[in-house]
Amino acid sequence: MAGVQKLRVAIAITGVLAALTAASATAATDPTHDSLVYCDGGLDGGATGAVTDAEHTVIVGDQPLPANVHRFRMTVDGISTPVMEAGPPGATEAVVFIHGNPGSSRDFDQLVSATGQFARAVAFDMPGFGHADDPSGGPYTTEGAAHFIDGMLAQLGIQQADMVLHDFGGPWGLQWASEHPDRLKSVVLIDTGVLLNYVGHPLALEWHTPIVGELNMATTTRQTFDASLDAQNPKPLPWAFVNRMYDDFDRSTRCAALHYYRDISSPDAMGRAQAAVLSQRPRPALVVWGQEDPYVPFYIADEQKQAFPDAQVHVLPFAGHWPFVDYPDQVRDLVIPFLRGVVGG
């Protein structure tokens, strides 16, 4: 049966590609909302949506949480999302973990658990990702993400944040920080930050392009998703990690990602605007980067000093875009002592 299903998906993909290739020359495009029905929440996604919906499955699901971490749901602006928390729940200063694309709060299980031994630690799914609500036309912009973070911190009673950011969590978290610079106490940047002198990786540029982005998303399968990550990472990522990400990578999440990417017209301009604000207030910063990151090259690590002049920069040889997965012990041994030194001080 699995072989028959794969054949049906392959045939559907071939038909969709042929039809859309013929139509793309005349299709009206919009930089935010695609014209292929794929991301129209009021419809079923059309032919492209059917391909994704037929192929997408969940095979890993929710894994057990670390022993000292608990989870609950909160709602901000009508969007419900799961929150992981460890440590003293009433503390007004907390270490806040913000994931990227394609990811979720579960990316940080071990770091949240370790941080919870000495401080309040929270991580939540951003709108459109993980198990957060993913309404069509949701707040899938950098400013929308920053507003959501602010609402979450308000409901959690967090007044001072020590942020740990990865991937798209960098633009989102630093946008929040540039709007509330007095509330960012310290920051850990893992393969992310102010994106100075950066135009984007090839896949991001595909996603940024109407029709091309929808076709890319529609034709992504678990097999191609896994193969692409393994091919680009210096060593294969753990099976459960990759497949949990794909479990969450349904059509709604793919559409949220397209909108987030298309909201940023220039990563460099965004980064410079954020750095101009953040550099005005000294604060501790730790930068951890995989030297073999295929998406955000390691030279961007040193650019973080334009926002955080006193940043400690550590480039890890042989690590990729997820160094906390490639080399968890080395990343933990950098991040946890740093956080111990800044939280509560």
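These legends go with close-up views of a predicted model.

**View 1. The disulfide between C39 and C255.** There's one disulfide in the structure, and C39 and C255 make it, with sulfur atoms 2.1 Å apart. It links distant parts of the chain: C39 comes from the loop between α1 (2-23) and α2 (46-55), while C255 belongs to helix α10 (residues 251-263), 216 residues apart. The torsion about the S-S bond is about -90°, so this disulfide is left-handed. Buried or exposed, these two cysteines? C39 is buried, and so is C255.

View 2. The R251 side chain meets that of D53 in a salt bridge, at 3.0 Å from N to O. R251 is buried, with a relative accessible area of 15%, whereas D53 is partly exposed at 40%. Have a look at Y38 as well: the charged end of R251 sits over the Y38 ring, 6.0 Å from its centre.

View 3. The structure holds 16 aromatic pairs. In the pair shown here, the ring centres of W172 and Y260 are 4.7 Å apart and the planes are at 50°, so the pair is tilted. It's another link between distant parts of the chain, with W172 in helix α5 (residues 169-179) and Y260 in helix α10, 88 residues apart. W172 is buried at a relative accessible area of 0%, and Y260 is buried with a value of 0%. Which residues form one aromatic cluster? They are F129, Y140, F168, W172, W207, Y260 and Y261.

**View 4. Helix α5 and what covers it.** This helix is mostly covered, with ten of its eleven residues buried. Among the buried ones are G169, G170, P171, W172, W176 and S178. What covers those buried residues? The cover includes β3 (93-98), α4, β5 (160-166), β6 (184-190), α10 and α11 (267-278).

**View 5. F225 against Y246.** Here's a tilted aromatic pair: the F225 and Y246 ring centres are 5.1 Å apart, with planes at 55°. F225 lies in helix α8 (residues 222-232) and Y246 in helix α9 (residues 239-247), so the pair ties together parts that are 21 residues apart in sequence. F225 is buried, and so is Y246.

View 6. You'll find D125 in the loop between β4 (121-124) and α4 (142-156). It's buried yet has no salt bridge, and R71, the nearest side chain of opposite charge, is 6.0 Å away. The cut-off for a salt bridge is 4 Å, so R71 is out of range. R71 does meet D62 in a salt bridge, at 3.1 Å from N to O. R71 is partly exposed at 31% relative accessibility, and D62 is partly exposed at 44%. As for D125, its contacts include T81, P82, H99, S104, H131 and F148.

View 7. R332 and D333 meet in a salt bridge at 3.3 Å, N to O, and D329, R332 and D333 are linked in a network. R332 counts as partly exposed at 35% relative accessibility, and D333 counts as partly exposed at 49%.

**View 8. K235 over Y327.** K235 lies over the face of the Y327 ring, 4.4 Å from the ring centre.

Terms used
Residues numbered from 1 in each chain as written. Predicted model: local features only at pLDDT ≥ 70, side-chain atom pairs only at ≥ 80, totals over all residues. Heavy atoms only, no water. Disulfide = S-S within 2.5 Å. Helix = DSSP H or I, 4+ residues; strand = E, 2+ residues; numbered from the N terminus. Buried < 20%, exposed > 50% of the residue type's maximum accessible area, 1.4 Å probe, protein only. Phe/Tyr/Trp six-rings, centres within 6.5 Å; stacked < 30°, edge-to-face > 60°. Lys NZ or Arg CZ within 6 Å of the ring centre and 35° of its normal. Lys, Arg positive; Asp, Glu negative; His and termini not counted. Contact = heavy atoms within 4.5 Å. Lists of a residue's contacts leave out its neighbours within four places in sequence.
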